[in-house]
Amino acid sequence: VLLTPAGTLPDIVAAEVARLGAAEVIVIGGEQAVSEAVVDALHALGSVETTRLGGADRYATATMVAREAHARAKASGADADATVFVATGTNFPDALAASPIAYAHVRPILLTNPAGLSAETSATLTDIGVTAAVILGGEGAVPSQLATGLAGLLGADNVSRVSGEDRYATALALAAHADAACCITYDGAAVASGVGFADALGGGVMAGRLGTVLLLTPGDRLHPGVAAVLSEYRDTIGTVRCLGGTAAIETITRESIALMLQD
């Protein structure tokens, strides 16, 4: 996942697309999110095809991404997961904390607003053959009436919730959920700021590809729950990957992480 300003493609991003030898770039969002000027700059790199997945809003875009991921998995012979994550579209942490699991399982993340699932989202659940949903976050993020609506579509036994008292605790609960399901582990855990979205957005897929969890912490201090997990799993974690510079994860936080990994 590479990030860009809406209006221009930074040279460093263009260089990375070239270094990767990318034949296709998938542009996420409409022209207000990523302008045609950025797409033109991508085409100027050479034989790079672009596919835009952009709906009328973030919720529609999420359904387009889910459908595309399902179609590509099916075309490649891979098994797309029949479970989806459902997260609030009004804030970022819960969806990003789930991104390594989503990558590992080809499990779409659908977004919702507090009013309930859009007709487009409900249709996507049916069209891609979803049989179960995991709600991310507490009722303040995804209200109980939305869970009831999902239960009506999928059956009450097929709807569950993974949550904590805040974004950091929810990310920890997701990590425990993933570890128990044997899809990803704490080995090489990634840690990102829970205050801003960018580093976790870029690093979530990396963590999934490496088979490890993504934990969130305030940048200026190590969250006590994260500290406890790092201490508990220190023998298997190996190297922790801190995402972002010292403005995102301060030096004192990194020092605290190192301390938790000591015998």
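## Ground rules

The model is predicted, so local features need pLDDT of at least 70, side-chain atom pairs count only at pLDDT 80 or more, and totals for chains, interfaces and linings use all residues. Residues are numbered from 1 along each chain as its sequence is written, and side-chain values use heavy atoms, with hydrogens and water left out.

Helices (H or I, at least four residues) and strands (E, at least two) are DSSP runs, numbered from the N terminus.

## Aromatic pairs

There are 2 aromatic pairs in the structure. To count, rings of Phe, Tyr and Trp (its six-membered ring) need centres within 6.5 Å; planes under 30 degrees apart are stacked, over 60 edge-to-face, and the rest tilted. F92 and F197 make an edge-to-face pair, with 6.3 Å between centres and 65° between planes. This pair bridges distant parts of the chain, 105 residues apart: F92 is in the loop between β3 (83–88) and α4 (93–97), and F197 is in the loop between β7 (185–193) and α9 (198–210). F197 is partly exposed at a relative accessible area of 46% (under 20% is buried, over 50% exposed, partly exposed in between, using a 1.4 Å probe and protein chains only).

Y186 and Y233, on the other hand, are stacked, at 4.1 Å centre to centre and 20° between the planes. They also link distant parts of the chain, 47 residues apart, with Y186 in strand β7 and Y233 in the loop between α10 (224–232) and α11 (234–237). Y186 is buried at 5% relative accessibility, while Y233 is partly exposed at 24%.

## Charges over rings

Two arginines also turn up at ring faces. Here the cut-off is NZ of Lys or CZ of Arg within 6 Å of the ring centre and within 35 degrees of the ring normal. R107 lies over the face of F85, 4.9 Å from the ring centre. F92, already paired with F197, has the charged end of R167 over its ring, 5.6 Å from the centre.

## The cavity

Searching the whole structure turns up 1 cavity of 30 Å³ or more. A cavity is a set of points, on a 1 Å grid over the protein atoms alone, where a 1.4 Å probe fits but cannot get out; lining residues have an atom within 4 Å of a point. The largest cavity holds about 30 Å³ of space, the volume being that filled by probe spheres set on the points, which are joined across faces, edges and corners.

Its lining consists of A97, I101, A171, L174, A175, A178, I184, V213 and L214. That makes 9 nonpolar residues, no polar and no charged (Ala, Val, Leu, Ile, Met, Phe, Trp, Tyr, Cys and Pro count as nonpolar; Asp, Glu, Lys and Arg as charged; the others, Gly among them, as polar). Helix α8 (167–180) gives the most, with 4 residues, and both α8 and β8 (212–217) supply at least two.

## The sheet

An open sheet of 3 strands runs in the order β8-β7-β9, with parallel pairing (strands pair if DSSP finds at least two bridges between them). β8 and β9 (241–242) are at the edges with a single partner strand each, so one side of each has no neighbour in the sheet. β7 and β9 pair over 2 bridges, and V191 has C242 in β9 as its bridge partner.

## Two loop residues

V106, in the loop between α5 (99–105) and β4 (109–112), has a positive phi near 50° despite not being glycine. V106 is partly exposed at 30% relative accessibility.

T90 is in the loop between β3 and α4 and is exposed, at 53%.

Conventions: On a 1 Å grid over the protein atoms alone, a cavity is a set of points where a 1.4 Å probe fits but cannot get out, and a pocket is an open set with protein on both sides within 12 Å along at least five of seven lines; lining residues have an atom within 4 Å of a point.
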